[in-house]
Amino acid sequence: MDHHPIIDVTDLTDARGRSGATPAFEERSALAVKHFAFRENPFLDSVNPQYFFRTEAHEDAYIKMKKCIDEHVAVGLTTALSGTGKTLLTQILLTELDPRRHEPVLVLAYPGMTKTGLLRELAAELELGPLPPRAPIHMLMGPIQERIADLYQAGRKLIVIIDECHFLGVDALQMVRTLSNVELPERKLVTILLFGEDSFLDKMHRPQYASIFNRMFVRARLRPLDAAETEQYIKFRCLVSGGNPGIFRPDFHPRCHALSGGVPREVNRLCHGALFEAARAGARHIGPEFLR
Ligand SMILES: Nc1ncnc2c1ncn2[C@@H]1O[C@H](COP(=O)(O)OP(=O)(O)OP(=O)(O)O)[C@@H](O)[C@H]1O
Ligand SMILES: [Mg+2]
């Protein structure tokens, strides 16, 4: 199971002592994993649904977004600070969708994405190509609408998940609205789930966004972890990676929470650093002195 290179603690300390260089990320990770007998690094900044820690806010957002899919709501919105778990949530939703009933598509918005850019991404994800380089809107929209209708005939529904939606301009958001209007008298044929930074909400309060914002009546907000959640989160990640959560001393957790503000990505970064520093020092337990 362990694919990490084996690194001898003393060798690494000596090498650093001589050159003064900080070992590369992979080496620090391998050292920490070996020293504390994890199966894998518990605090990697990767999005792995296995590590999903269900805080009240994350659970609430998950349920609301799932409800949009199951109850044919046109648009759902989840906002949060950077590093709080939006992309993780998109991955969890994607892995849980039933392919017999849903056709999930993930679109990653980028700065300045236009309505044409959005439709192009969507068409590409739906494998509707090849499309002419400068295809006008109707040449993009037509095939997408046809696909939506075909899916409906086959008893399936298009679920569009847009991550980083704060990058969408006003025209791209109007296109989200147009897409969300594809419907039969009895129900919506598409559900669009938007995930973006909290700043997206400020923008949505401007008058030109009113018509699209009205559509987003199912909204959720992820928030950073509180002190108790931070401690549970750290212990949970240790357990999932096959380690002992008791390696962290009780006074580690409040300090880690204070330094990270409870933002999971920051908690991961701090814990990863502390694991390495403690491993390098040959410590069996990790207190706040290893936080930096
Ligand atoms: N509830 C959670 N349970 C487990 N891990 C989490 C949770 N929330 C966030 N994380 C972890 O924190 C890190 C950052 O999460 P993620 O990338 O999903 O944040 P984000 O909100 O999409 O950030 P950004 O706005 O910068 O894209 C990832 O390693 C992720 O696995
Ligand atoms: Mg993200």
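Helices in these legends are DSSP runs of H or I that hold at least four residues, and they are numbered from the N terminus. The model shown in every view is predicted.

**View 1. Helix α11 and the glycine that follows it.**
Helix α11 covers residues 252–260, and its buried residues are F252, H253, C256, H257 and S260. Seen down the axis of α11, these buried residues fall within an arc of 125°, so they line one face of the helix. Among the elements that cover them are α10 (227–240) and α12 (264–280). After α11 comes G261, which has a positive phi, near 65°.

Twelve helices and five strands make up the secondary structure of the chain, whose C-alpha trace spans about 70 × 40 × 35 Å along its principal axes. The chain has 292 residues, of which 36% count as buried. Among contacts with a separation of 6 or more, 74% are between residues 24 or more positions apart. The chain is divided into domain 1, made of 9–46 + 225–290, and domain 2, made of 56–221. The C-alpha centres of domain 1 and domain 2 lie 37 Å apart, and the contacts between the domains involve four residues of domain 1 and four residues of domain 2.

**View 2. The open parallel sheet.**
Five strands, in the order β2-β3-β4-β1-β5, form an open sheet in which the pairing is parallel. The edges are taken by β2 and β5 (218–221), each of which pairs on one side only. Neighbouring strands of the sheet are turned by 15° against each other on average, with direction ignored. Strands β1 and β5 run parallel and are joined by four bridges, and in β5 the bridge partner of T79 is R221. Helix α6 (residues 137–153) packs on the sheet, where it touches β2, β3 and β4, and its direction makes about 130° with that of β3. Helix α7 (residues 170–180), for its part, lies across β1 and β4 and runs at about 155° to β4.

**View 3. Strand β3 and its two partners.**
Strand β3 is mostly covered, since six of its seven residues are buried. Towards β2, the strand β3 is joined by seven bridges in a parallel arrangement, and the bridge partner of V107 in β3 is I162. Towards β4, the strand β3 pairs in the parallel sense over six bridges, and the bridge partner of L158 in β4 is V190.

The largest nonpolar core holds 46 residues, and the members that touch the most other members are L118, V160, I162, V176, I192 and L194. Helix α3 gives the most to this core, with six residues. Leaving aside neighbours within four places in sequence, I162 is in contact with V107, A109, I192, L194 and F195. A second, separate core of 25 residues includes A32, F43, I234 and L270. In soluble globular proteins, nonpolar side chains tend to be buried together.

**View 4. The buried face of helix α4.**
Within helix α4 (residues 86–96), the buried residues include K86, L89, T90 and L93. Seen down the axis of α4, the buried residues fall within an arc of 105°, so they line one face of the helix. What covers them includes helix α3 (56–70) together with the strands β1 (75–80), β2 (102–108), β3 (157–163) and β4 (190–197).

Most residues other than glycine have a negative phi. H72 counts as partly exposed because it has 15 C-beta neighbours inside 10 Å. E164, also a residue other than glycine, has a positive phi near 60°, and E164 is found in the loop between β3 and α7. With 20 other C-beta atoms within 10 Å, E164 is buried, the cut-off for that class being 20 or more.

Note on methods
Residues are numbered from 1 along each chain as its sequence is written. Chains are lettered from A and ligands numbered from 1 in the order in which they are written. This is a predicted model: local features need pLDDT of at least 70, side-chain atom pairs count only at pLDDT 80 or more; totals for chains, interfaces and linings use all residues. A residue is buried if 20 or more other C-beta atoms lie within 10 Å of its own, exposed if 12 or fewer, and partly exposed in between; C-beta atoms are placed from the backbone. Helices (H or I, at least four residues) and strands (E, at least two) are DSSP runs, numbered from the N terminus. The arc is that of the directions from the helix axis to the C-beta atoms. Two residues are in contact if their C-beta atoms, placed from the backbone, lie within 7 Å. A nonpolar core is a set of buried Ala, Val, Leu, Ile, Met, Phe, Trp, Tyr and Cys residues joined through C-beta atoms within 7 Å. Two strands pair if DSSP finds at least two bridges between them. Axes are lines fitted to C-alpha atoms, for helices over the stretch in contact, and angles run from 0 to 180 degrees between N-to-C directions. Domain bounds come from an automatic or database domain assignment.
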